[in-house]
Amino acid sequence: MSRTNTARRRLTAPTVAMLPRVGDSLSFLYLDIVRIHQDDTGVCARVTTEERGTELVYLPTAALSCVLLGPGTSITARALSTLARHGTTVVIAGSGGVRTYAGITPDSLSTTWLESQVRAWADDGRRLAVATRMYEHRFGRGTAPAEAGLAQLRGLEGQRVKAMYKLLAQQHRIGRFKRAYDPDTWDTQDPVNLALSSANTCLYGIVHAALLAMGCSPALGFVHSGNQQAFVYDIADLYKAELTIPLAFSLNDSPNPEAEARRRFRDGLRLFKLMPRIVTDVQRLLVPETDAEEPDPEEQLVDLWDPVSGPLPGGVNYSAEAE
């Protein structure tokens with residue numbers, strides 16, 4: 001290996017301070033029928049078409065939250081390593097991004113929000129309070145009945161979604177609509193269900209990437225439970241009524257609703273600014289009185305736990321205290 005190539009890789013390798021905040025990141029990128037590899041400049045996708053031959057498209061890895069790899073995609077170990085160092089989540093998806101088969105998740109820089117999540121999740125009273133705030137977030141501030149229990153909120157949410165389906169079906173002259181997700185009969189489903197499943201998968205990928213970047217556990221949900229994506233589903237449900245459901249109904253006449261849903265969903269996110277909203281909403285759901293921001297990457301990354309004095313700086317020799 002030449003000294004020039006080695007120097008280039010050292011210069012392009014990201015440091016902690018160089019990585020962008022998750023709230024400032026791009027949302028997602030879906031790729032299929034391409035080969036992704038790492039060269040001396042960065043991570044690129046080799047795209048081959050009959051019209052334009054073979055082209056190299058470089059990926060903005062440092063500012064990309066999530067990459068969805070569809071069928072016909074291959075990726076090298078070096079490219080995966082670069083994506084992981086930049087904090088980009090890689091999701092292996094089925095045709096159209098509908099199914100998720102596997103995911104490669106980078107490590108977070110801090111456990112601050114993971115600890116807040118675990119404390120709230122492990123206490124039934126605090127977990128109920130977070131779940132209640134999640135339902136109230138969907139209804140809108142001040143619209144949920146006072147002192148409503150979790151079962152009542154769950155029922156009201158079901159009624160709200162059912163009424164939304166009915167209203168959108170009337171607006172788009174679809175007739176009666178019923179939500180269905182059955183991968184075994186995928187090809188026989190109507191365009192609205194196809195578009196909704198495709199857009200929801202993209203939304204799940206974005207939420208998953210944001211939670212991991214914050215250091216939260218996708219498995220510890222407050223409304224959902226018993227699944228490794230439980231917290232992802234909790235947070236994604238906050239935005240479906242604004243993002244994916246109206247979009248899916250607008251594609252009821254589309255000849256290719258899955259691909260169209262991904263493109264229009266991505267375009268809509270530029271105006272919606274979803275990534276910073278996810279970060280802020282998660283923080284306020286877990287600790288409602290907080291005004292905290294994402295951890296400073298320049299801060300001490302590893303502390304030592306102490307039950308009396310609290311976290312102590314790591315990398316310090318404490319032998320004098322034991323004498």
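**A walk through the chain**

Buried residues make up 41% of the 323 residues in this chain, and the model you're looking at is a predicted one.

Visitor: How far does helix α5 reach from its first C-alpha to its last?
Guide: Helix α5 runs over residues 150-171, so that's 22 residues, and at 1.5 Å a residue you'd expect 32 Å. The model comes close to that, with a reach of 31 Å.

Visitor: Are the buried residues of α5 on the same side or on opposite sides?
Guide: Start with who they are: L153, E157, M164, Y165, L168 and A169 are buried. They cover an arc of only 145° around the axis, so they sit on the same side of α5.

Visitor: Which exposed residues does the other face of α5 carry?
Guide: Look at the face turned away from the buried side of α5. There you'll find A151, Q159, K162, K166 and Q170.

Visitor: What covers the buried residues of α5?
Guide: Other helices are part of the answer, so let's name them by position, with α4 at 124-139, α6 at 191-214 and α8 at 244-250. The cover on the buried residues of α5 includes α4, α6 and α8.

Visitor: Is Q189 buried or exposed?
Guide: Q189 is found in the loop between α5 and α6. Leaving out residues up to four places away in sequence, Q189 touches A180, Y181, D182 and L194. Its relative accessibility is 12%, and the cut-off for burial is under 20%, so Q189 counts as buried.

Visitor: Which strands are the edge strands of the open sheet?
Guide: This sheet has 4 strands in the order β4-β3-β2-β6, with mixed pairing.

Visitor: In what sense do β3 and β4 pair, parallel or antiparallel?
Guide: Strands of a sheet pair through backbone hydrogen bonds, and either sense can occur. Strand β3 covers residues 43-49, and T49 stands opposite G53 in β4. Over 6 bridges, the pairing of β3 and β4 is antiparallel.

Visitor: What angle does the direction of α2 make with that of β2?
Guide: Helix α2 (residues 77-85) packs on the sheet and touches β2 (35-38), β3 and β6. Compare the direction of α2 with that of β2, and the angle is about 75°.

Key: Residues numbered from 1 in each chain as written. Predicted model: local features only at pLDDT ≥ 70, side-chain atom pairs only at ≥ 80, totals over all residues. Heavy atoms only, no water. Helix = DSSP H or I, 4+ residues; strand = E, 2+ residues; numbered from the N terminus. Buried < 20%, exposed > 50% of the residue type's maximum accessible area, 1.4 Å probe, protein only. Arc of directions from axis to C-beta. Contact = heavy atoms within 4.5 Å. Pairing = 2+ DSSP bridges. Axes fitted to C-alpha atoms, helices over the stretch in contact; angles between N-to-C directions.
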